[in-house]
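Visitor: Could you show me how to read helix packing and ligand contacts in a model like this one?

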Amino acid sequence: MSQSTTTAAAPPPLSAMLATLRERNAHVAAGGGAKMRERHEARGKIMVRERIDLLLDPQTPFLELSPLAAWGLYANEVPGAGIVTGIGIVNGCACMLIANDATVKGGSFFAETVRKHLRAQEIAEEHRLPCLYLVDCGGAFLPEQDRVFPDRDHFGGSFYNQCRMSAAGIPQISIVFGGATAGGAYIPALSDEVIMVKGTGRIHLGGPPIVKAAIHEIVDGETLGGAEMHTQVSGVADHLVLSEMEGLAKLREIVGSLGESGRLAVPTTTPTAPKLDPDELEHIVPTDLRRPYDVREVIARIVDGSVFNAFKPDYGATLVTGFAHIHGFPVGIIANNGVLFSESAVKGAHFIELCDQRQIPLLFLQNITGFMVGTEAERGGIAKHSAKLVYAVSNARVPKYTVLIGGSYGAGNYGMCGRGFRPRFLFSWPNARIATMSPDVAANVVTELRRQSLKGNADEAAIAALDAKTRAQFEEQSDPYYATARLWDDGIIEPRQTRDVMGLCLALSAGEPHDTSPRPVYRM
Ligand code: COA
């Protein structure tokens, strides 16, 4: 294969990447900007993130999901996709919060808003978390309606989820702070219990302009869908509150009466901080993915007491497997330490089966270029051995979690529990890259294919242009912000946060009943 002469610029250090991440998170946290905030507050309304702070139990964590959804899309004018989702503790109960940001295009739904809303519901359903909808929503963003409305996983899917979760005994509760129009109206209308704020809360299938256009009736918003009308006349809402603060207190009171829903499990061992400081991860992990390092240095800064009981450490050593605890919860860790060979793949499959048999959740730390290629590897059956890992990942019954701590390329993404393999959560570090292959390899493959099809008549200038175009495409599309904008992960987290984030994720699943039907462990 002809080699490209272009070399990629060295990536910035992790400290610079973290500064960028914090800057972008701060930008998004400001919602629709100062002017919209002023208008919102002048109406006596509280900003969405402050509502969440007021709702949650003091000094408890809020695991925000996909804060950078829609980053870089729509000229970056839809921060957070206009919705905040995440898991927090309300009156001692872990809940999924789904909260519209009315300062971003009236809280209307873009394609990424829908994806974020559906993803939050998916997580809630899997963990049986009560859903609290903080409604301030103008329905579908009309210019984008073809990407929001008609398909299975579009807006309608969120109402389907709401109905199914309610029927399955997972509480669905709404508080209406602002305009809930059209699709937005169905969020409260399909909830088990609804609170409405007098003066600002509105629920109507069609707002005054639609009513005027459709039936020539002229009516004001309050008469058509105000809180008094809905609590006294239509019965669409159940509780009238005079202020947002009163509404949030009422919501806390309702959640307090939900019984056992959302109760977090108690750890099985006493949590201990890692002996090695998680802050050091920033300096240990190289952002140049070609630079090798020992992933055990990462594990030691994530797990309790830095204690990691390695499984088969001397066999298939490019895949590190072993047992540990995070915040007192047991976990089986599978982490890349180089390219995956047949030995590493079958060892991974064996370890997954072991964890499945012992009912220990799995954490995948992905930093993988892929499985080994070449004649020797193929003759050794890398395709069937790597398939064993993929098979084991697909059929493991225990909860799986994935963190992209570096590259996530090719079939390595599959064997290491990429999104297609349904990890309960998937987070990325800011140095992560995700694509079928790296820009260097992609440029080489694409130009080589072109040369072959031109059979020696290749125009070198055109080949160089193709090389540059492919490289630019892969650089752009493997960027973690490109990925998180499109909801390919549940958010970009800082390496030092990994331990706490995983602790919360493990706590959410720890109390679940286990599937104890027998499963053999094959020594592969
Ligand atoms: N589609 C497209 N744009 C929408 C929208 C929607 N569903 N809802 C709001 N917007 C836009 C507005 O055009 C405005 O855009 P601009 O800032 O570029 O001018 C921005 O969002 C803010 O809307 P605004 O009406 O000024 O905010 P508000 O707080 O006074 O009212 C709503 C919020 C949701 C009550 C009101 O915007 C509304 O009724 N929207 C239309 C709802 C509707 O008919 N939806 C049908 C969907 S099927």
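Guide: H4 and H5 are roughly parallel to each other, a label given to angles under 35 degrees. This is a predicted model, in which local features need pLDDT of at least 70, side-chain atom pairs count only at pLDDT 80 or more, and totals for chains, interfaces and linings use all residues. Residues are numbered from 1 along each chain as its sequence is written, and side-chain values use heavy atoms, with hydrogens and water left out.

Visitor: At what angle do helix H4 and helix H5 pack?

Guide: Axes are lines fitted to C-alpha atoms, for helices over the stretch in contact, and angles run from 0 to 180 degrees between N-to-C directions. Helix H4 (residues 111–127) and helix H5 (residues 155–167) pack at about 20 degrees, their axes lying 9 Å apart.

Visitor: Which residues of H4 meet H5?

Guide: Contact means heavy atoms within 4.5 Å. In H4, Val-114, His-117, Leu-118, Gln-121, Ala-124 and Glu-125 meet residues of H5, including Phe-155, Asn-161 and Met-165.

Visitor: How many residues surround the ligand?

Guide: A residue is counted if one of its heavy atoms lies within 4 Å of the molecule. There are 14 such residues around the ligand, and the closest are Arg-39, Arg-43, Lys-105, Gly-138 and Ala-140.

Visitor: Which atom of Arg-43 lies 2.7 Å from an oxygen atom of the ligand?

Guide: In Arg-43 it is a polar side-chain atom, whereas Gly-138 places a backbone N or O atom 2.9 Å from a nitrogen atom of the ligand. A backbone N or O atom of Leu-142 likewise lies 2.9 Å from a ligand nitrogen atom.

Notes
Helix = DSSP H or I, 4+ residues; strand = E, 2+ residues; numbered from the N terminus. Parallel < 35°, antiparallel > 145°, perpendicular 65-115°, else oblique. Polar contact = N/O pair within 3.5 Å; in protein donor to acceptor, adjacent residues only side chain to side chain.
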